[in-house]
Number of protein chains: 4
Amino acid sequence: MDAETTKRRRPGQATRPPGESQRRILAAARQEFAAKGFAGARTDSIVRAAGVNPNLLYHYFGSKERLFVAVMEDVYADVRAHHGDLELEALAPEDAIRRLTEATFDLFVASDDVIRLLSTENIHHAEHIRDSERIAHFYDPLLAIIERQVERGRALGVFRAEVDAQELFITITGLSYFYLSNRHTLGVILRSDLNARARRERRRRHIVDVVLSYLRHGADGTQRLPPPQNPA
Amino acid sequence: MDAETTKRRRPGQATRPPGESQRRILAAARQEFAAKGFAGARTDSIVRAAGVNPNLLYHYFGSKERLFVAVMEDVYADVRAHHGDLELEALAPEDAIRRLTEATFDLFVASDDVIRLLSTENIHHAEHIRDSERIAHFYDPLLAIIERQVERGRALGVFRAEVDAQELFITITGLSYFYLSNRHTLGVILRSDLNARARRERRRRHIVDVVLSYLRHGADGTQRLPPPQNPA
Amino acid sequence: MDAETTKRRRPGQATRPPGESQRRILAAARQEFAAKGFAGARTDSIVRAAGVNPNLLYHYFGSKERLFVAVMEDVYADVRAHHGDLELEALAPEDAIRRLTEATFDLFVASDDVIRLLSTENIHHAEHIRDSERIAHFYDPLLAIIERQVERGRALGVFRAEVDAQELFITITGLSYFYLSNRHTLGVILRSDLNARARRERRRRHIVDVVLSYLRHGADGTQRLPPPQNPA
Amino acid sequence: MDAETTKRRRPGQATRPPGESQRRILAAARQEFAAKGFAGARTDSIVRAAGVNPNLLYHYFGSKERLFVAVMEDVYADVRAHHGDLELEALAPEDAIRRLTEATFDLFVASDDVIRLLSTENIHHAEHIRDSERIAHFYDPLLAIIERQVERGRALGVFRAEVDAQELFITITGLSYFYLSNRHTLGVILRSDLNARARRERRRRHIVDVVLSYLRHGADGTQRLPPPQNPA
DNA sequence: GATGAATGAGGTTTCATTCAT
DNA sequence: TATGAATGAAACCTCATTCAT
């Protein structure tokens, strides 16, 4: 496995670029926690995968728990970076929401560990991240954007009147999240592989359809605009 | 110690009604697994909570893993029973979907452990339930009902043409599930208590709104029916 | 030792007389803590010396710390039992104090671990025994006896007027304790083996001499009684 | 990392005056060893408290054990310095012994760490100081003084005939030492705070009383001198 | 059907110490 | 003289599981 990275390490020889060991531990931990959950993860496996001395985990992170917090902050930072790249402000409201919805799905597909780590943290009542000031504000920019686009869409007459930005955010996220987070048990009861590419594409289209139908369709039954063609 | 108190498996000398210990272990296990996840759960806590001898767990269930499978079967049986009580067949399509959507939300609210156990099992890639024939078919009746109601709704002209029953099922479930399963991490980034009654009511109405908007609103922009008043 | 209780121990067969393992752990722990102090003691060595499974230490005592508390209670119980055997009430005041003084010295000589464990506990500010109600009252009977004998001695005119029983108790104990507890460092600076029998005898006589001189000799210079011959 | 900041042992570039780091380590070690005992002390805490690099401990002292020896030599040097300041030679025998007795008590009160370090070393059978030639002779001057004063006291007819200087030294030291070293466990069984100022004063007077009673009071019952007033 | 003492592998964490610079 | 990253052995403790009765 790691034969190619083993460079004839002589006993007592140290010295990796500073911060390198820390990064390796964090990366290995993210994988391990995602794969096994918090309690199921083994610090032992983490340091072995990272190829560092068992002690460094404690040297850098203090405990398994604080390592987990570091992993979660890493995850949230990734998610924010992903959203930051979307440049949603520049788009028309409907395009912005569509892009966000698709990007959310794509992010979860690309980084399976994000979902698993969030699920793990929820099983633990978010007790590890509750005190992180940084995490508490990671989503503020995105929520602000959604709010603005909803407002603009309403002003332009393309969105229904009474949209709650927080609910919309939860819906957009949840429609992707649940499909992927629960694809294993869903796969059992549906007797179907939800991870298959075609199936995933179908789901992606469905989600956009649901979100935009909701936004266009007023509770009073009024229809806002002729729907555009659904791009792949 | 005392010879006269040494009992040698005489019939009728059980200190508890037969099966009672088994039930108590299962109930305690369900709680413990829901609270701590599979790896985090302690057999010790389970038997202590059940008030039985540690050995009985192995006597009845063989291992922690097989006990977990039993818990999952118990959970799925509960869910099915819940759905079975809804009598969706007798309702008009739209009413049936609305009732199912609301009932799904209510079930997850009432039995928090269902969500946590499903999440736990998904972190483990459904490896525990994969081989359970019983679980694989638990949802068949519900999926059949959804399919029929979608078909009827289309025939009646109240639902859009191209509805996929499986996607609809996942959407209905996911819109409730995600809100509740991830309410702890969402609570942190939204700085809001998603468990508050008013907040939950709002979410419940939102979900019904989303689902019905989607069903009524054709991708071609045609509107099916004037929407009814949203009942509380 | 335990040959008569050994009943053909087959592999995997457990079953020592109940409480036996617990007793063995306690005895081994007392030795180890006395020899190495609290932090220096190794739970590993304890269970190896006791010949029991490592886990039983935690099964019976919960932690290294609680095991140490159990050892201390054992020690204090021993000391009290030793004092209880002296039947000091029946003696004349002077004889009672002499016997107590000599017995204190003899006890510390015989049970070296008592001194070492008490010293260890004092290094730790008595934090382990502070909450033990049992230990707090172990010395009450002895202190009551000293008080009564001091009172009787004064009434009989053989002891000085102003004796404080607590100070006397501390003095009697300390004169023996310090010689033995610090015999190693004293041995270095005195270049002498304080553990040699003749040397110990000399100390024992000296201590009795000091204590009785104090009791007989009033601060006002009055002499109470002609001193008796010092018995060996 | 940066090549230009790499310094190669140029004279005068030390960040602290030479020997300063060594002194800081020694002071921190003395505190830590006194507080936790030898095994309980952490080299880590020592270097952190000293504010120096972990490596310096080994650079200057070689090992935790040799550092402990250095601390003990430091302690003994302090004690000797304290005794050297007393100018006992110039006093009358009785005054010299009284002053020594009181000063011993006061020293132990003032430097609590002395007692704790000596106790620690005794638990370890004085193995660390056994080979220190310097420590072996630290008390020689004081013992010589006691011997001389005892001799003079006898010659003047104020002390009893048969006083052993070593025993007297041990008694004087022990009466103070035990009260203070064991004040925590004594406090538990006496349910009293031996560290309270009034209580300590009482003990101090008691000790002087015991020592002088012993010296004045011959085993033959003869009284040497009218006792003076006990000074506070 | 039930008990409780016992097991042993392995988990997380600590700690004195050393290496390369 | 000084630094800071790294080491590895071993410490305390946990946990699922089984044995004899």
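**View 1. Chain A has 11 helices and 0 strands.** This is a predicted model, in which local features need pLDDT of at least 70, side-chain atom pairs count only at pLDDT 80 or more, and totals for chains, interfaces and linings use all residues. Residues are numbered from 1 along each chain as its sequence is written, while chains are lettered from A and ligands numbered from 1 in the order in which they are written. Helices (H or I, at least four residues) and strands (E, at least two) are DSSP runs, numbered from the N terminus. Along the sequence, the pattern of chain A reads α-α-α-α-α-α-α-α-α-α-α. Of the 232 residues in chain A, 42% are buried. A residue is buried if 20 or more other C-beta atoms lie within 10 Å of its own, exposed if 12 or fewer, and partly exposed in between, with C-beta atoms placed from the backbone. Contacts, here and below, are pairs of residues whose C-beta atoms, placed from the backbone, lie within 7 Å. When contacts in chain A between residues at least 6 apart in sequence are taken, 66% join residues at least 24 apart.

**View 2. Chain A is divided into domain 1 (12–62) and domain 2 (69–232).** These bounds come from an automatic or database domain assignment. Where the domains of chain A meet, domain 1 contributes 9 residues and domain 2 contributes 8 residues. Helix H1 (residues 20–40) of chain A provides the largest share of the domain 1 side, 8 residues. By class, this side of domain 1 of chain A has 6 nonpolar, 2 polar and 1 charged residues. Ala, Val, Leu, Ile, Met, Phe, Trp, Tyr, Cys and Pro count as nonpolar, Asp, Glu, Lys and Arg as charged, and the others, Gly among them, as polar.

**View 3. Chain B meets chain A with 54 residues from chain B and 53 residues from chain A.** The elements of chain B that give two or more residues to its side of the contact are helix H1 (20–40), helix H6 (112–123), helix H7 (133–136), helix H9 (165–181), helix H10 (183–190) and helix H11 (197–216). The largest share of the chain B side, 11 residues, comes from H9(B). The chain B side divides into 23 nonpolar, 21 polar and 10 charged residues. Because 98% of the interface residues of chain B are also interface residues in chain A, the copies meet through the same surface. A rotation of 180° with 0.0 Å of shift along its axis superposes chain B on chain A, with an RMSD of 0.1 Å. The two copies are therefore related as by a two-fold rotation axis. Superposition is by least squares on the C-alpha atoms of residues with pLDDT of at least 70 in both copies.

**View 4. H9(B) bends by about 30° at Gly174(B).** The bend at a residue is the angle between axes fitted to the seven residues ending there and the seven starting there. The 17 residues of H9(B) should span 24 Å at 1.5 Å a residue, and its end C-alpha atoms are 23 Å apart, which agrees. The expected span of a helix is 1.5 Å times one less than its number of residues. Since 15 of the 17 residues of H9(B) are buried, this helix is largely enclosed by the rest of the structure.

**View 5. The loop between H6 and H7 of chain B holds His125(B) and Arg130(B).** His125(B) has a phi near 60°, a positive value in a residue other than glycine. With 14 other C-beta atoms within 10 Å, His125(B) is partly exposed. Arg130(B) also counts as partly exposed, because it has 16 C-beta neighbours inside 10 Å. The C-alpha atoms of Arg130(B) and Val69(B) are separated by 9.6 Å, and these residues are 61 residues apart along the chain.

**View 6. In the second pair, 54 residues of chain D are in contact with 54 residues of chain C.** H9(D) gives the most to the chain D side, with 11 residues. The residues of the chain D side divide into 23 nonpolar, 21 polar and 10 charged. Chain D is superposed on chain C by a rotation of 180° with 0.0 Å of shift along its axis (RMSD 0.1 Å). In chain D, the C-alpha nearest the axis belongs to Ala39(D), 2.7 Å from it.

How values were computed: Two residues are in contact if their C-beta atoms, placed from the backbone, lie within 7 Å.
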